[in-house]
Amino acid sequence: MQNRIARYRVASALAVSVALIAQGAPAFAQETDTPSAPAEAADETVIDAPESSATVFEPDYFTQFAPRNALDMLSRVPGFTISDDDNGRGLGQASQNVIVNGERLASKSDSLRDQLRRIPADTVIRIEIVEGNALDIPGLNGQVANIIRKSSGTSGQFTWRSGFRAYNTSAQLYGGEISVTGSSGNFDYTVALANDNNRFGADGPIFITDAAGDLIELQASQFSGRYDNPNLSTNFTYDFGGDVIANLNMSYQIDYFERTDSEIGMPATGPVRTRAASRGSDGPEYEVGADIEFPLGPGSMKLIGLERFERDNFESQLIDRFDDGTQAIGSRFIQTSNEGERIGRFEYGWNLWDADWQLSGEAAFNRLNRRASLLELDTNETFVALPFDGGTGGVTEDRYEAILSFGKQLTPTLALQATGGAEYSKLSQTGVAANSRSFQRPKGSLSLSWKPSSDFDIAAEVRRSVGQLSFGDFLSSVDLNDEQERGGNNELVPNQSWNFDLEVNKGLGAWGSVKLELRHAEFEDFIEFFPLPNGSEARGNIGDASRTHLELNTTLQFDPLGWTGARLEVQAIKRWMSVTDPFTGEDRPFSNDLIDLLEMDLRHDVPGSDWAWGAGIFTNNQAFYSRRFETGRGSEGPVFANIFIEHKDVFGLTVNATYANVLNARNDFVRTVFDGSRPTAPVLFNEVQDRRIGPIFRFSVSGSF
């Protein structure tokens, strides 16, 4: 009852907010209530006119920011937030809210931001903010950015990112990207070499206490880690003429991850313990994707193929030694995973009865093969294997989907999009828990968008979705450092959900813009940890659950106050969740899910100069996790703050220096471990970690060639 009342209050508050912001000022950028004349590209290629009623941002709007690429430009569009969520099942319909020249970007390895970063700013003719329902791309709803770009000769850009922390880490020296983009006749190409990397670490005390709060052990702890992801990616496009266009995308990368933990345990009674723990993984990953679009009958056919593979070699080790000569104890866990995905898809679109139709079909074949070993240190300090058959095996899913989509502009201000279809999937598992099952599930959506004025629009959608499984949940695994073991579950099925989304956008004239989103989901077969009959636990389907998400994104520009060039970006999120804990029967939020978040970023581009400066804060709150033998929560904060200064023309380069963690946010972790199954078992111990992160300094240089 309380959850229903809370959701009613959220809906009521949103309705009041919509009524208030609907009274706002005129739009802040050029509006095109009627199509304008086509723009002429440098290579004499004609680019289509803007969508009717689109909000258009010309390159001159971004001059003050000196952008290097399309990502820099789109990040400065007031109130627009990039949605890079493309981790659904297979390729599916469009879900990202950015398209280029009216076409979606389809890659599961390269993020949307990475692809936008490789589009030079001088090739962007304009950015159109349009309603997704007004496009002939099924799956899009709410605000969508259409980046209109032109072909050009060869050009390149680069960014070098570096940084260091005062404590616990080595310097971060080799981050960044270099890319070359160009065209020759009907052939367009992009080649990029990048390394997404990070260095991290913290140190501080850990307190282990009993149920009464008495100290069991004080630990001095420190951890340090690094992550590197060198990546080579290419994109080739060829226009054969006659509306026949083909794309080829390829990428190859290697992941490197290392973390070391050291700990000195000083118990109230007994010998001092010294722990050395490490974990690491590496492995290659590649993706090859291709598509071709061509006229066929009364419409257009698009054929898409994708092959993706990833190998992950993971190993963790822990050894405890004691100052009184007691026998050392330790464990080692080794796991090798080979995971792949193969997808074939077609999309046939046509116009009938003044409406856009599309029939799509997709076949996806996913696979995981894993070998795992658990070893224990014996009296000779040699690691010997223990039985761990549940960690070795394979999982495959063969999935087929068919969707029919319909989109129509009902009136000059009202657009409709409807989709309907189903999927069939077969799940198979090999190993000690061999199993095979098949399922049929309906899928579809109905969405409406209303744009009563050039600076105000509302989009609403109802959607039936099928979630994505993590194949690793079918097999057993171990976390040595936290002494946790997870069983496998060969009965897992994907969750299904009804999703109700509402998005409201309002331009505030010279003041900026504001966007409100209300999303509610009702889940079936929700997945979290649940108890196994043998006394252990695994990831499994625990029944129904619900989540309500309220989000505000706004850009406030201070030019009307006389502070020219200054703007504040605000993102605020609040979530209400409800699921029945399978261990206690109590209602609680989803494990480790976000409860609330606030991020505010101020930027001032000083008029008449190449200087910019700014500051930002970030804080969030996550829910406790729930497992059979413990509950806990990890967090960093409570508030991260940063300041930066930037010069946009240092010998033609953009140089940025950032001082992060100004307010000394810390790395925290708390948990309660029980001496048996919750909730009846007594508390075994409580653990509280409070570790220093320290100041973080970052430096970047960007340029073009």
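This is a predicted model: local features need pLDDT of at least 70, side-chain atom pairs count only at pLDDT 80 or more; totals for chains, interfaces and linings use all residues.
**Strand β40**

I looked up which strands pair with β40. Strand β37, residues 653–660, is joined to β40 by 7 bridges, and the two run antiparallel. Strand β9 spans residues 155–165 and also pairs with β40, residues 696–704. That pairing is antiparallel too, over 9 bridges. I then checked one position in detail. Ser162 has Phe699 as its bridge partner in β40.

**Ile99**

I moved to Ile99, which lies in strand β5, residues 98–100. Is Ile99 buried or exposed? I found a relative accessible area of 1%, so Ile99 counts as buried, the cut-off being under 20%. I listed what Ile99 touches, leaving out residues up to four places away in sequence. The list is Arg104, Leu135, Ile137, Leu140, Val144, Ala145, Asn146 and Ile147. I also took a C-alpha separation: Ile99 and Glu128 are 9.9 Å apart. Along the chain, 29 residues separate Ile99 from Glu128.

**Thr419**

My last stop was Thr419, in strand β20, residues 414–431. Its relative accessible area is 12%, so I logged Thr419 as buried. Which residues are in contact with Thr419, leaving aside neighbours within four places in sequence? I found Ile403, Leu404 and Ser405 among them. Gly444 and Ser445 are also in contact with Thr419.

Technical notes. Residues are numbered from 1 along each chain as its sequence is written. Side-chain values use heavy atoms; hydrogens and water are left out. Helices (H or I, at least four residues) and strands (E, at least two) are DSSP runs, numbered from the N terminus. Buried means under 20% relative accessible area, exposed over 50%, partly exposed in between (1.4 Å probe, protein chains only). Contact means heavy atoms within 4.5 Å. Two strands pair if DSSP finds at least two bridges between them.
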